[in-house]
Every structure is written in C-alpha cells, then in structure tokens.
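Trainee: Could you take me through this model one feature at a time, giving the general idea and then the case at hand?

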Amino acid sequence: MSVTKAQKEAVVALLTEKLADKPSVYVTDYKGLNVEEVSQLRQILREAGVEYRVVKNTLLKRAMENTGGYDEAFDYLNGPTAVAISVQPNAAAKAIKVFRKKSNQSLPELKAAIVDGALFKGNQLDELATLKGKEELLGEVVTLLLSPIQNVASAIESQGSNLLAILESLQNRVEA
C-alpha cells in the first residue's frame, strides 16, 4: 500500500512543526536493530523526553527546508533514517549511550546531529552527551555572577565587628 500525497504532506507538516519547536535533531541509522531493540530504544528515548520516529529521507529533507537552518544535514539523509528530536541538546545522545550500554552494541549509528544550528558528525556522540542544557548554563552564569556579591557579604559578616571598630576608630580620629 502506497502512501498518498496528502499523507506525505501531513508527515512533512508534522515534522516541520517538531523541528521548529525543538532545537536538537539527531539523524540516526537504525539498520541492524530488531523490533524488540527498537522498542527498547524508543522507551529509553521517550523517558529522556526525546521523540524518535522512522522517516523517509525525502520527507525529512522537505521539513528541514521548510524550517530552515538544516542545509548542512542534507548530506546525511541517506539509507534507513530515524530522527530523534528534543528540546535538551544532550538528551538524545545520553539516551542512545544508555541504550548502547544496555544492549551491548554500537547501534543506532549517529549520522549527524544539529543542535542549535551547529552540525555534529556521527563520531561526536560523546561530545554531544556532555553538552549542557540552557538551564544548566544559566545556573552556572547566575552562580558566577552571585559569587563576588556573596564573597563581599560574607567578608563583611565575618569581619563585621572588626570593620565596625575600624570605622569608629577612623571617625574618632577625624573628630579629634
């Protein structure tokens, strides 16, 4: 049974919407996984907040063209393809690594990943897994910004009595 033009258009529209909403897209090759393993992989990815679907390369390419910013990924759209889409940049990479460890194999193979507009090639799964999410990065920035203030406040609190004594001494000198 062939897929109708309307069904293809619906898939492209859905993929376009997903790509626009979620900045992390992993293009994988699932060839070599049996049905049970694909089900396990989907479960692990779902638990990590990642949507995983097998797609036709031409439909994914159309959705990427509609969304824009995915031109570098077109070269990797060949052979059996499944796409993992998520908000968190490292969620899919971590989930794939968990699956690989549990199943004791090197599948699924990462063809490429596009994270916030940057292209990562298939051999960079470990780097992708160590990427930090926006919330983590914002937390670090806030911590860095607050640390000097906290240092000053703690110095004043710990040395408060000495500081007060010095100020009183200086005031007495001025008055005298």
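Mentor: Let us begin with contacts, meaning heavy atoms within 4.5 Å: not counting residues up to four places away in sequence, Ser 86 touches Lys 22, Pro 23, Ser 24, Gly 49, Val 50, Ala 91 and Ala 92. Please keep in mind that this is a predicted model, in which local features need pLDDT of at least 70 and side-chain atom pairs count only at pLDDT 80 or more, while totals for chains, interfaces and linings use all residues. Residues are numbered from 1 along each chain as its sequence is written, and side-chain values use heavy atoms, with hydrogens and water left out.

Trainee: Is Ser 86 buried or exposed?

Mentor: Buried means under 20% relative accessible area, exposed over 50%, and partly exposed in between, with a 1.4 Å probe and protein chains only. Ser 86 has a relative accessible area of 1%, so this residue is buried; its place is in strand β3, residues 81–86, and its side chain reaches the backbone oxygen of Gln 88 at 2.8 Å.

Trainee: How should I read a helix, and which residues of α3 are buried?

Mentor: An α-helix has 3.6 residues a turn, so residues three or four places apart point the same way. In α3, residues 57–67, the buried ones are Asn 57, Leu 59, Leu 60, Ala 63 and Met 64. They lie on the same side of α3 because they cover an arc of only 165 degrees around the axis, the arc being that of the directions from the helix axis to the C-beta atoms. Their cover includes α1, β1 (24–29), β2 and β3, and α3 is followed by Gly 68, which has a positive phi near 85 degrees.

Trainee: Which side chain does Asp 126 join in a polar contact?

Mentor: A polar contact is a pair of N or O atoms within 3.5 Å; within protein, one must be able to donate a hydrogen and the other to accept it, and residues adjacent in sequence count only if both atoms are side-chain atoms. Here the side chains of Asp 126 and Lys 97 are joined by such a contact of 2.7 Å. Asp 126 is found in helix α5, residues 125–129, and is partly exposed, with a relative accessible area of 48%.

Notes:
Helices (H or I, at least four residues) and strands (E, at least two) are DSSP runs, numbered from the N terminus.
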